[in-house]
Amino acid sequence: MRWPQKPEISVEDVMGACTAWLTKKQWLDLIDRLPELTELEERYRVAGEAGQLLSLLTAEFQSQPKDADKVRLGATYDSALVGGGGRKLYDAIKAAATFGCTICGAGQVSSLDHHAPKTIFPLLSLTPLNLVPACGPCNQGKSNSFSTNPAEEPFHPYFDDLGTARWLYAEIHNVAGGAVAEFSVRPPANWPEVKAQRLRHHFTKNKLGPKFRDETPRRLALRRRRDMDTLARSGPEGLRADILEDADSHAAFDPNAWETAWLYGLADCDWYTAGGMKDI
Ligand SMILES: [Zn+2]
């Protein structure tokens, strides 16, 4: 996964950009809460950098849903940050995700997702560190629940590091004359167990296997003719080497992009390299 840098925008910048909306709604007294939101933003940053974000959120879990300004903060997010004067800040955070959705790495970014759901953590509704770029399906598919189970903690693109070792794999199966890709994760052996559990949870909860699988037919169609030519010219081993070279090139950019895993899987598929693509 290639993740963007932390936004340099603060909750104070966001509140400043939303002032016109707050005035219009006579909700200007929400600005009185800025010192509290700024203090929470700093605690969020420190906890995130220390790998303690779950502890912070668990501690806040009981009090925030009952916050008196929950509705006003949510409305300010929807109307002023997404749809009003704060839109340029919203777009700037989105635009930082040059390499796509921070949850799947496959879809195009279309919105910001609240890492800690705003219905449960309203005081983080407007905090840029809590806003992560996501594609539509990932954002919509995410539930607004919060788990205190460390094995289910979602990865945070501004704080987590998934390393450069491979953990995403694909096997290509010949099914009824077609090629179906089955994706899976194998956490590196040197990862702590809880990180491995989080990766498996991330993969399953966000339905990444089916999502990646559905990306592959078009990509396969695009390389089919070239692979047939390579096979005719260089034989199965030549084709395998050619696909592997492509896979290595993708891996140099992102060892765990779905395309990388798929190309390694394709190179490893005897049916395909022996000419299976002719049947597709
Ligand atoms: Zn996505």
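Helix α9 (residues 208-253) packs against helix α10 (residues 258-267) at an angle of about 40 degrees, and their axes lie 8 Å apart. Axes here are lines fitted to C-alpha atoms, for helices over the stretch in contact, and angles run from 0 to 180 degrees between N-to-C directions. Helices (H or I, at least four residues) and strands (E, at least two) are DSSP runs, numbered from the N terminus. The angle makes α9 oblique to α10. Angles under 35 degrees count as roughly parallel, over 145 as roughly antiparallel, 65 to 115 as roughly perpendicular and the rest as oblique.

The model is predicted: local features need pLDDT of at least 70, side-chain atom pairs count only at pLDDT 80 or more, and totals for chains, interfaces and linings use all residues. Residues are numbered from 1 along each chain as its sequence is written.

The crossing of α9 past α10 is right-handed. A crossing has this hand if the near helix is turned clockwise from the far one by less than a right angle, and is left-handed if anticlockwise. On the α9 side, the contact is made by Phe212, Glu215, Thr216, Arg240, Ile243, Leu244, Asp246, Ala247, His250 and Ala251. On the α10 side, Trp258, Glu259, Thr260, Trp262, Leu263, Tyr264, Leu266 and Ala267 take part. Two residues are in contact if their C-beta atoms, placed from the backbone, lie within 7 Å. By class, the contact of α9 with α10 holds eleven nonpolar, three polar and four charged residues. Ala, Val, Leu, Ile, Met, Phe, Trp, Tyr, Cys and Pro count as nonpolar, Asp, Glu, Lys and Arg as charged, and the others, Gly among them, as polar.

Helix α10 is mostly covered, with ten of its ten residues buried. A residue is buried if 20 or more other C-beta atoms lie within 10 Å of its own, exposed if 12 or fewer, and partly exposed in between, with C-beta atoms placed from the backbone. The buried residues of α10 include Trp258, Trp262, Tyr264 and Gly265. Glu259 is also among them. The partners of these buried residues are β3 (168-175), β4 (178-185), α9 and α11 (270-273).

Ser249 sits in helix α9. Ser249 counts as exposed because 11 C-beta neighbours lie inside 10 Å.

Arg43, Tyr44, Ala47 and Gly48 of α3 meet Leu53, Ser55 and Leu56 of α4. The residues of this contact divide into four nonpolar, two polar and one charged.

Most residues other than glycine have a negative phi. Gln26 is not a glycine, yet has a positive phi of about 55 degrees. Gln26 counts as exposed because 7 C-beta neighbours lie inside 10 Å. Lys207, also not a glycine, has a positive phi of about 50 degrees. The loop that holds Lys207 runs between α8 (193-205) and α9. Lys207 is partly exposed, with 14 other C-beta atoms within 10 Å.

Gln5 lies in the segment before α1 (11-17). Gln5 is exposed, with 9 other C-beta atoms within 10 Å. The C-alpha atoms of Gln5 and Ala97 are separated by 8.3 Å, although the two residues are 92 residues apart along the chain.

At the level of the whole chain, the protein has eleven helices and four strands. The C-alpha atoms fill a box of roughly 75 × 40 × 30 Å, taken along the principal axes. Of the 280 residues, 38% count as buried. Among contacts between residues at least 6 apart in sequence, 72% join residues at least 24 apart.

The protein is divided into domain 1 (11-152) and domain 2 (168-279). These bounds come from an automatic or database domain assignment. The C-alpha centres of domain 1 and domain 2 lie 35 Å apart. Domain 1 gives nine residues to the contact and domain 2 gives twelve residues. On the side of domain 1 that touches domain 2, the residues divide into six nonpolar, two polar and one charged.
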